[in-house]
Amino acid sequence: QISDIRFAGAGCAISKSSASVMTTLLKVKTKKEAEGLFKQFHDMITADHDAPIDAEGLGKLVVFGGVREYPVRVKCATLAWHTMISALHGEHQTVSTE
C-alpha cells in the first residue's frame with residue numbers, strides 16, 4: 001500500500017497539476033490499484049480526441065481529458081505518472097516520456 005507520496009519539481013501547469021492530482025489519488029492505494037489507475041489515465045490521455053472518457057473510473061483525472069487534443073502536451077501530463085511507475089518497480093533511473 002502506498003502510505004506516502006509527494007513530488008517536487010518545476011514544470012508547466014499541466015505537469016505540476018497532474019502530479020498533484022496523482023499524489024492525492026494514490027494515497028492508500030495498492031501497487032496494483034496505482035498501476036491500474038495509471039493505465040486508465042494513460043489510455044484516456046493518448047486516445048483519439050473524440051473517444052469517450054470513463055468519468056466514473058478516472059474521477060478528478062477527467063479534467064486532463066482535453067490534453068489529448070494537444071499531443072505535445074501528453075508528455076507533460078504523464079511524466080509524474082511514469083516516474084511513479086518507475087518508483088513502484090524499484091527503478092532508480094531518470095524517467096523520460098520520449
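Q: Buried means under 20% relative accessible area. Which residues of helix 1 are buried in this predicted model?
A: Helix 1 buries Ser15, Ser18, Ala19, Val21, Met22, Thr23 and Leu26. Helix 2 and helix 4 are among the elements that cover them.

Q: Why is Ser18 called buried?
A: The cut-off for buried is under 20%. Ser18 has a relative accessible area of 0%, so Ser18 is buried. This residue lies in helix 1.

Q: What is Ser18 in contact with, leaving aside its neighbours within four places in sequence?
A: Its partners are Phe41, Phe64, Ala77 and Trp81. Ala77 and Trp81 are also on the list of buried residues of helix 4.

Q: What does Leu25 contact, beyond its neighbours within four places in sequence?
A: Leu25 contacts Leu37, Leu58 and Leu61. Leu37 also belongs to the helix 2 side of the contact with helix 4.

Q: What makes Gly59 partly exposed?
A: The relative accessible area of Gly59 is 39%. That value falls between 20% and 50%, hence the label partly exposed.

Q: How do you know that the span of helix 1 agrees with expectation?
A: Helix 1 has 14 residues, which should span 20 Å at 1.5 Å a residue. The end C-alpha atoms are 20 Å apart, so the two values agree. Just after helix 1, Val28 has a positive phi of about 65 degrees.

Q: How does the reach of helix 4 compare with the expected value?
A: Helix 4 covers residues 71–88, 18 residues in total. From first C-alpha to last it reaches 26 Å, close to the 26 Å expected.

Q: Where does helix 4 bend, and by how much?
A: The bend is at Thr78 and amounts to about 45 degrees. Thr78 is also one of the buried residues of helix 4.

Q: Which other residues of helix 4 are buried, and what do the buried residues pack against?
A: Val74, Cys76, Ala77, Ala80, Trp81, Met84, Ile85 and Ser86 are buried as well. The packing partners are helix 1 (13–26) and helix 2 (31–46).

Q: What makes the contact between helix 2 and helix 4?
A: Helix 2 supplies Lys31, Ala34, Glu35, Leu37, Phe38, Phe41, His42, Ile45 and Thr46. Helix 4 supplies Val74, Ala77, Thr78, Trp81, His82, Met84, Ile85 and Leu88.

Q: At what angle do helix 1 and helix 4 pack, and what is the hand of their crossing?
A: The angle is about 35 degrees, with the axes 8 Å apart. Helix 1 passes helix 4 in a right-handed crossing.

Q: What makes the contact between helix 1 and helix 4?
A: From helix 1 come Ile14, Ser15, Ser18, Ala19, Met22 and Leu26. From helix 4 come Arg73, Cys76, Ala77, Ala80, Trp81 and Met84.

Q: Why is Ser86 called buried?
A: Ser86 has a relative accessible area of 8%, under the 20% cut-off, so it is buried. Ser86 lies in helix 4. Leaving aside neighbours within four places in sequence, it contacts Glu91 and Val95.

Q: What makes Glu91 partly exposed?
A: Glu91 has 37% relative accessibility, so it counts as partly exposed. It is found in the segment after helix 4. Gly90, which also follows helix 4, has a positive phi near 75 degrees.

Q: How many residues separate Glu91 from Val63 along the chain, and what is the distance between their C-alpha atoms?
A: They are 28 residues apart along the chain, and 29 Å separates their C-alpha atoms.

Notes
Residues are numbered from 1 along each chain as its sequence is written. This is a predicted model: local features need pLDDT of at least 70, side-chain atom pairs count only at pLDDT 80 or more; totals for chains, interfaces and linings use all residues. Side-chain values use heavy atoms; hydrogens and water are left out. Helices (H or I, at least four residues) and strands (E, at least two) are DSSP runs, numbered from the N terminus. The expected span of a helix is 1.5 Å times one less than its number of residues. The bend at a residue is the angle between axes fitted to the seven residues ending there and the seven starting there. Buried means under 20% relative accessible area, exposed over 50%, partly exposed in between (1.4 Å probe, protein chains only). Contact means heavy atoms within 4.5 Å. Axes are lines fitted to C-alpha atoms, for helices over the stretch in contact, and angles run from 0 to 180 degrees between N-to-C directions. A crossing is left-handed if the near helix is turned anticlockwise from the far one by less than a right angle, and right-handed if clockwise.
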